[in-house]
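Visitor: I've got a model open on my screen and would like a quick tour. Can you walk me through it?

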Amino acid sequence: MFIIRPIENKDVDTVVELWETCHLTRPWNHPEIDIFRKIQQKDDLFLVAEKDHMVIATLMGGYDGHRGWIHYLAVQPKYQRLGIATALIQNIEKRLIAMGCPKVQLMVRAENHAVIQFYEQLDFTDNKVTCLGKRLIPD
Ligand SMILES: CC(C)(COP(=O)(O)OP(=O)(O)OC[C@H]1O[C@@H](n2cnc3c(N)ncnc32)[C@H](O)[C@@H]1OP(=O)(O)O)[C@@H](O)C(=O)NCCC(=O)NCCS
């Protein structure tokens with residue numbers, strides 16, 4: 001059994017290790033900075049799944065007043081295909097609906113084909129948009 005709860009400061013090191021294991025980090029990004037920025041938002045939308053006092057999965061959610069967002073969905077490899085990511089998605093969807101959020105979306109790196117199948121079976125569809133980005137603060 002596992003529980004889902006908002007992230008706490010004590011989880012940071014484990015979360016970074018999990019993201020590295022799941023290949024979600026990139027050399028030009030600093031995961032600790034991403035985590036601390038998000039914790040400061042205090043919106044309880046950055047969720048972790050915990051089993052036997054260990055963080056085994058994450059989902060960094062957000063709501064910008066127009067769209068809900070999902071980032072950093074990751075499950076420890078040995079706990080994959082047990083429904084944990086599905087439970088995290090269902091949990092964030094409930095939280096977003098309770099905030100009045102009408103639509104949730106996410107970005108997938110082009111090379112990450114497996115995760116697209118995961119999202120499609122949860123009724124996510126391709127928005128067919130090009131995502132542009134610009135860095136405002138060099139970390
Ligand atoms: C994608 C990921 C989060 C899925 O987590 P999970 O807990 O294993 O997912 P679930 O057990 O809830 O999967 C539910 C269903 O999604 C589909 N699915 C999950 N992983 C899949 C994969 N790798 N390939 C194809 N379909 C997949 C299956 O239909 C699965 O049901 P089944 O196990 O009965 O066949 C996990 O594989 C992961 O952490 N990957 C590495 C990190 C990553 O790429 N994150 C996404 C960043 S955008």
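**A helix and an arginine**

Guide: Gly-100 comes after helix 3 and has a positive phi, near 85 degrees. Helices (H or I, at least four residues) and strands (E, at least two) are DSSP runs, numbered from the N terminus. This is a predicted model, where local features need pLDDT of at least 70, side-chain atom pairs count only at pLDDT 80 or more, and totals for chains, interfaces and linings use all residues. Residues are numbered from 1 along each chain as its sequence is written, and side-chain values use heavy atoms, with hydrogens and water left out.

Visitor: How far does helix 3 reach from its first C-alpha to its last?

Guide: Helix 3 covers residues 84–98, which makes 15 residues. The expected span is 1.5 Å times one less than the number of residues. The helix comes close to the expected 21 Å, reaching 21 Å.

Visitor: Is Arg-5 buried or exposed?

Guide: Arg-5 sits in strand 1 (residues 3–6). Buried means under 20% relative accessible area, exposed over 50%, and partly exposed in between (1.4 Å probe, protein chains only). At a relative accessible area of 11%, Arg-5 is therefore buried.

Visitor: Which side chain makes a polar contact with the side chain of Arg-5?

Guide: A polar contact is a pair of N or O atoms within 3.5 Å; within protein, one must be able to donate a hydrogen and the other to accept it, and residues adjacent in sequence count only if both atoms are side-chain atoms. For the side chain of Arg-5, the partner at 2.7 Å is the side chain of Glu-50.
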